[in-house]
Amino acid sequence: MTLHHVRRTLSKQCMVFLVIALFGWGSLGIVTAPAQSGGRPRTVTQPPTGSAEQEFPSPNAGRSTPPNVRRGSPLDIAQVIERFTENESLLLREFANYIYRQEVRMQTIGFDDRPTGEFYRLSEVSFTESGQRREEVKRFPPSTLQGLQITPADLEDFGTTKPFAITRENAPLYNIEYVTRERLDELDTYVFDVRPKRVPKFEQGGKRFFAGRVWVDTQDLMVVKTAGRTLPEDRNNKFPRFESYRENIDGRFWFPTYVYADDTLEFPNQSIRIRLEIRYTNYRRFQTDVKVLD
């Protein structure tokens with residue numbers, strides 16, 4: 001995000017993992033998201049601070065263990081990373097086969113904790129009769145944001161956000177480090193810190209990277225929560241810290257349903273606090289032949 005007098009670019013990764021996406025940042029508290037179509041219900045809280053665990057559990061717990069896999073061994077960690085990054089690639093492809101509603105609300109916040117301006121956009125992402133993906137805008141009043149400006153490029157980002165950053169193809173660009181095992185209400189998760197190995201200089205339209213933390217469900221080996229920010233930045237382009245929550249859709253896929261950010265963007269001569277919410281609802285499957293790894 002940039003100041004009003006500088007052309008502002010808000011990357012698609014930022015908007016989702018805001019993208020999207022990715023912890024202890026902002027005043028989110030508790031988010032409850034009942035699963036769709038018979039999926040497991042979820043109530044996700046912010047992670048407790050200071051948690052730690054020495055032993056890394058085997059992803060094969062409860063199953064027959066391959067003879068070359070030992071509980072707590074480095075191979076266990078490598079296997080989990082391989083599985084969840086592979087599933088991120090599969091989810092990215094499957095996500096393109098779903099119809100959904102996307103609601104984006106961004107506000108600038110004053111000193112009294114009240115909104116001073118707002119950007120709002122409600123759209124339906126679907127397909128044409130020929131199978132081409134399209135976005136139909138349902139509601140889009142004029143923006144009243146204070147100090148920030150939304151450009152046509154930003155509007156395209158809102159409609160084509162991709163929340164699956166740590167795919168098999170992108171994984172070699174990141175350092176992925178196991179942190180602990182953590183309980184998110186009824187979900188057991190493996191927690192990983194994720195950092196890009198190299199952060200390039202900021203360029204308009206350049207490649208974006210995620211830096212933060214991911215929570216991986218121990219049963220499905222899919223990411224269920226992310227928190228962090230997107231990089232790179234420069235003095236006039238800042239991106240907020242965010243949290244992104246996923247829900248089990250159709251009993252198979254963990255797709256994003258809620259993204260939240262409440263952060264202050266520090267520019268050279270001005271600080272602007274923003275609050276962002278993105279909601280994904282009414283998922284319906286169009287078509288797919290993707291197979292998800294167990």
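Colleague: Is Arg105 buried, partly exposed or exposed?

Modeller: Buried means under 20% relative accessible area, exposed over 50%, and partly exposed in between (1.4 Å probe, protein chains only). Arg105 counts as partly exposed, because its relative accessibility is 27%. This is a predicted model: local features need pLDDT of at least 70, side-chain atom pairs count only at pLDDT 80 or more, and totals for chains, interfaces and linings use all residues. Residues are numbered from 1 along each chain as its sequence is written, and side-chain values use heavy atoms, with hydrogens and water left out.

Colleague: Which residue does Arg105 meet in a salt bridge?

Modeller: Side chains of opposite charge can pair when their charged atoms come close. A salt bridge puts a side-chain nitrogen of Lys or Arg within 4 Å of a carboxyl oxygen of Asp or Glu. Here Arg105 pairs with Glu103 (3.7 Å, N to O). Glu103 is partly exposed at 24%.

Colleague: How many salt bridges are in the whole structure?

Modeller: A search finds 19. One of them joins Arg273 and Asp113 (2.6 Å, N to O). Arg273 lies in strand β12 (residues 270-285) and Asp113 in the loop between β3 (98-109) and β4 (115-127), so the pair ties together parts 160 residues apart in sequence. Strands are DSSP runs (E, at least two residues), numbered from the N terminus.

Colleague: What else does Asp113 meet?

Modeller: Arg275, in a salt bridge at 3.3 Å, N to O. Shared partners join Asp113, Asp262, Arg273 and Arg275 into one network.

Colleague: Is Arg275 buried or exposed?

Modeller: Arg275 is buried, with a relative accessible area of 18%.

Key: Helix = DSSP H or I, 4+ residues; strand = E, 2+ residues; numbered from the N terminus.
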